[in-house]
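Please keep the sequence and the model in view while reading.

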Amino acid sequence: MTTAVLTPPPAVPTTPTLPAVQQALTLAWRNVVKIRKQPEALMDVSLQPIIFTVLFVFVFGGAIAGDWRDYLTYLVPGILVQTLMFATQGIGVALNNDIAKGVFDRFRSLPIARSAPLVGAVLSDVVRYVTSMTVLLAFAVALGFRTTQGLPAAALAVLVALAFAMCLSWVFVWIGLTVRSAGAVQGVGFLATFPLTFGSTALVQADTLPGWLQAFTRNNPVTHLIDTVRGLLLGGPVAEPLAWTAGWAALLLAVFVPLAMRAYRRRV
Amino acid sequence: MTTDSPVIEATGLGLSYGTTRALDGVDLTVPAGTVLGVLGPNGAGKTTAVRVLSTLLRPDTGTARVAGHDIRTDPQAVRRAIGLTGQYASVDEDLTGTQNLTMIGRLLGLPRAAARARAADLLAGFSLTDAADRSAGTYSGGMRRRLDLAASLVGRPQVLFLDEPTTGLDPRSRTEVWDVVRRLVDEGTSVLLTTQYLEEADELADDIVVFDAGRVVAHGTSDELKHRAGAQTLAVRPRERSDLPVVLQVLEQVTGAAPAVDGQGTASVPVRGEAVLGTVLDLLTTRGVGLSELGVRLPSLDEVFFALTGSPTAVPEKEAVA
């Protein structure tokens, strides 16, 4: 064993540019390594799109649209957003586990940006969101789904959904840091996600709903996102739902990033 | 920093969880280059004190300076000077040894290659090179603790906090951790170490503070505290029970005190220091007495506690010694 290994000087050089970004990326890398080591962590986001598509298309398709193929076309944007909503909950569970294991104590004792562990977690969740959307689109195409607006518009649809999911995930970062156990994170997550995803235009058109529910559905951020994605994949208005989606995303960030940061600072 | 200014100086630290006073006016001083042992039972506030001094918790009252920086007003500067190894190893089980240490290096701003080199050096220094590319989840308890210790050294800290670094380790792993701590201190690192083991404080610490119920109930060197804790016990058990009278005679002759005998045929007598051990052994060997046990037992933590909390300087009332 060499003594040089443990000798205190010289001091660690500091990074010249944007240390906070570098730190967040390092912690995102950590999460990606963990996913690579345990691919079953991606099981939920890989299977859920397929199960939801099969269930809704073949169980309800005939009854709702008369023909499952027509319903598939209507449904794909809805399932894409719906499964993404469910995927955002994972971050809360993961953060809660990290804290329980004591790994965050180490991060908190290091001279790094307070935001780095949280931003890192949000960034690495992109892997989950991309997996979810890729599986869904590949499965839908295999069943006969085709976009009518060209590939650039489809790519934009995926990007908009991805960006919204990253903003929404801050809600679950906050819940994950506030609630005591990982199980409770999931409980609270489902309570919040179910009404928002099912009370949207994901599965049916808003004008088939009773008036009071229409009022909720038409002002639901999930509806705006689904309408944007639907417009970009199948044609229809894009600008207005996109503006609403951007507004909601900004609002989510403005409210939940500070809340999450505060919860992180307070969490023992 | 000059050697005579303390690296840790805490005054009147207080912290409550609800109605529990976890810290109740704690004063601590750690001179540069020394080891302070914080001794105490579970729930005495040792871990809370470490978490406050390492900026994980904010105290309700009191102040502290670590490496010259105020823990309240400049926690980030404190973090640049410290390393922390928690009570349970906080390494990432899914990452390999190399990945764990490289990650910390990158977080501290080392370029990729430098972070890898530092990781390799530390792994070699802690005899973990063979396990470098295995997940930390597959490590034994001792290996994990060494990796945790290595992780806290990536930034070459000036002050190291070790919270019960050997709790749950087997005796060999414990000795390995002690060796590492001694080397670090030799190289100029200052250490604050919490422990439940008197022996550990005895081995490593220059100064010891004893915590109980969130307060410092005693402070001194190991020898001073042991003196206050009372005598050690010399225990001798002859292989043949028929030799017991000879043993008793020798013990009384050497120590001048009447030995006690327990049900297993072990004779014990209070002694000061271990010097009598050789004399007793010589005399018994000369008389042809075979031994199955011979040793000096240090006062147990319970005994230290009993002695300390029973002394006039200590808090009169105490609960939960164990």
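## The interface of chain A and chain B

In this predicted model, about 3,700 Å² of area is buried between chain A and chain B, and carbon and sulfur atoms give 58% of that area. The contact draws on 39 residues from chain A and 44 residues from chain B. The totals for this interface are gathered below.

| Item | Value |
|---|---|
| Buried area, chain A and chain B | about 3,700 Å² |
| Salt bridges across the interface | 5 salt bridges |
| Polar contacts across the interface | 13 residue pairs, both at pLDDT 80 or more |

A salt bridge joins K34(A) to D92(B), with the closest N and O atoms 2.8 Å apart. On the side of chain A that touches chain B, at least two residues each are supplied by α1 (19-37), α4 (90-101) and α5 (103-109) of chain A. Of the elements on that side, α1(A) gives the most, with 9 residues.

## A nonpolar patch on chain A

Which residues of chain A form a nonpolar patch on the surface? The patch is made of M43(A), L47(A), I51(A), L55(A), V59(A), F60(A) and I64(A), which together have about 630 Å² of accessible area. One of these residues, I51(A), lies in helix α2 of chain A, which covers residues 43-65. Is I51(A) buried, partly exposed or exposed? Because its relative accessibility is 45%, I51(A) counts as partly exposed, a class that lies between the limits of under 20% for buried and over 50% for exposed.

Key: Residues are numbered from 1 along each chain as its sequence is written. Chains are lettered from A and ligands numbered from 1 in the order in which they are written. This is a predicted model: local features need pLDDT of at least 70, side-chain atom pairs count only at pLDDT 80 or more; totals for chains, interfaces and linings use all residues. Side-chain values use heavy atoms; hydrogens and water are left out. Patches are made of residues with over 30% relative accessible area and no salt bridge: like charges are joined within 9 Å, nonpolar side chains (Val, Leu, Ile, Met, Phe, Trp, Tyr) within 5 Å. Accessible areas come from the Shrake-Rupley method with a 1.4 Å probe; for residues, only the protein chains shown count as cover. A salt bridge is a side-chain nitrogen of Lys or Arg within 4 Å of a carboxyl oxygen of Asp or Glu. Helices (H or I, at least four residues) and strands (E, at least two) are DSSP runs, numbered from the N terminus. Buried means under 20% relative accessible area, exposed over 50%, partly exposed in between (1.4 Å probe, protein chains only). Contact means heavy atoms within 4.5 Å. Buried area is the accessible area (1.4 Å probe) that two parts lose on being put together, summed over both. A polar contact is a pair of N or O atoms within 3.5 Å; within protein, one must be able to donate a hydrogen and the other to accept it, and residues adjacent in sequence count only if both atoms are side-chain atoms.
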